[in-house]
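Please examine the structure shown below with attention to its charged side chains. The paragraphs that follow lead through a selection of their contacts.

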Amino acid sequence: MVTDLMDKLTHIFGQGLSDSFYPMPQQAIGVGSAFEGWSPRAEDVVYRVLVPMTPPRGHTFHLELDTAGMPQRNFCVHVELLCTCTREQLGENMLCFLHHSGEELRRKQDPSLLHTLCTGSYLGVEKTVHWFYRFVRVAWLLLPQSCHWRLMLQPSGRSCKFQQSKDKESFMVEMIFGVRQGDSDIFVGSQPAEVGIPSTTWLETYAVAEAKFFRHVSRQAPHDSWHCKCLQLLTHILMGVGFSSYTLKTVVMHLLNTIPLTWWHRRDFQQRLVDILKYLRCSLETKRLNHFVIGNERFPMETSLPSDFRVAEPLNLFQHLVSNPDAHTKAMHKYIHLLHR
């Protein structure tokens, strides 16, 4: 249902924006636990989709690294104008933003992206999300689902979140907007971030590559594999303990990449749980948990990564434990609490 809904919305976006100077959304990509098959609590499932954006006519996007050395790198999306004089000469109904006067452009053409969703020359996250938020409200009325389902848009600064409901049935969808890095499966996205992050900062996201990894595993594993159930159970238990679900997910992805997939049957369930907890304990003791995508030479080749990703120095998701003894002590206590649960 979510995939069908997003396909219809994307089609309406394409029709309504084809002649505009706003970012053009592409086919949405399902990411996160709901699409990977291990949502810890079925009643709280949020179907997250990443919507890639391409620049409008006469514009181009350039990704500029803002800060480095963190598990999640920050980028700015620099928007530049392109000369479209050739397209104008071929009869296309568009004036060149670079070579026509400002007065003529104001009289005959809508403003460029630089004057709508940008701060300076950089694409704004909140401005982009709020614009799509308004567009979704209009597009919804054109969908056949609107006759039977109710749409409730949820306030959110860096993503477009809405709930669809009919009678006692309902589901939540969260749209994250992103710009692809080259032709890879790595994006910079509008996913929620810590308070105080600049409005033009986009976060590097590996969600699409990780979702592709889970699909790769599902194709290779036996039909009765319980790898998702292992992750589902542990993340459910984990709620309230203090470890993030992403930490557990990273541990399980590492083990899926090293333990044969034929060893994840139901009969192996208990042993795999033990393996996951041992891996987590070892990572806590050594204060090191390598990022699964960056610096992983064994990442499946069918997923397209930037050229330097596989040979990069692995990022340590537990780096904060190295410099903070108190945080390390608390993490070990949380692990013991997890074992008791």
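Helix H4, residues 102-108 of this predicted model, contains both Arg106 and Glu103, which stand three residues apart, or about one turn of the helix. Their side chains form a salt bridge with an N to O distance of 3.4 Å. Arg106 has a relative accessibility of 63% and therefore counts as exposed, the cut-off being over 50%. Glu103, at a relative accessible area of 43%, is partly exposed.

A further pair within one helix is found in H9, which spans residues 269-286. Here Glu285 and Arg281 are four residues apart, again about one turn of the helix, and a salt bridge of 3.9 Å, N to O, connects their side chains. Glu285 is partly exposed, with 48% relative accessible area, and Arg281 is likewise partly exposed, with 36%.

What does a salt bridge between Glu204 and Arg73 tie together? The two side chains meet at 2.8 Å, N to O. Glu204 belongs to strand E12 (residues 202-205), while Arg73 sits in the loop between strand E4 (59-67) and strand E5 (74-81), so the pair links parts that lie 131 residues apart in sequence. Both Glu204 and Arg73 are buried, in contrast to Arg106, which is exposed.

The contacts described here belong to a total of 13 salt bridges in the structure.

Conventions
Residues numbered from 1 in each chain as written. Predicted model: local features only at pLDDT ≥ 70, side-chain atom pairs only at ≥ 80, totals over all residues. Heavy atoms only, no water. Salt bridge = Lys/Arg side-chain N within 4 Å of Asp/Glu carboxyl O. Helix = DSSP H or I, 4+ residues; strand = E, 2+ residues; numbered from the N terminus. Buried < 20%, exposed > 50% of the residue type's maximum accessible area, 1.4 Å probe, protein only.
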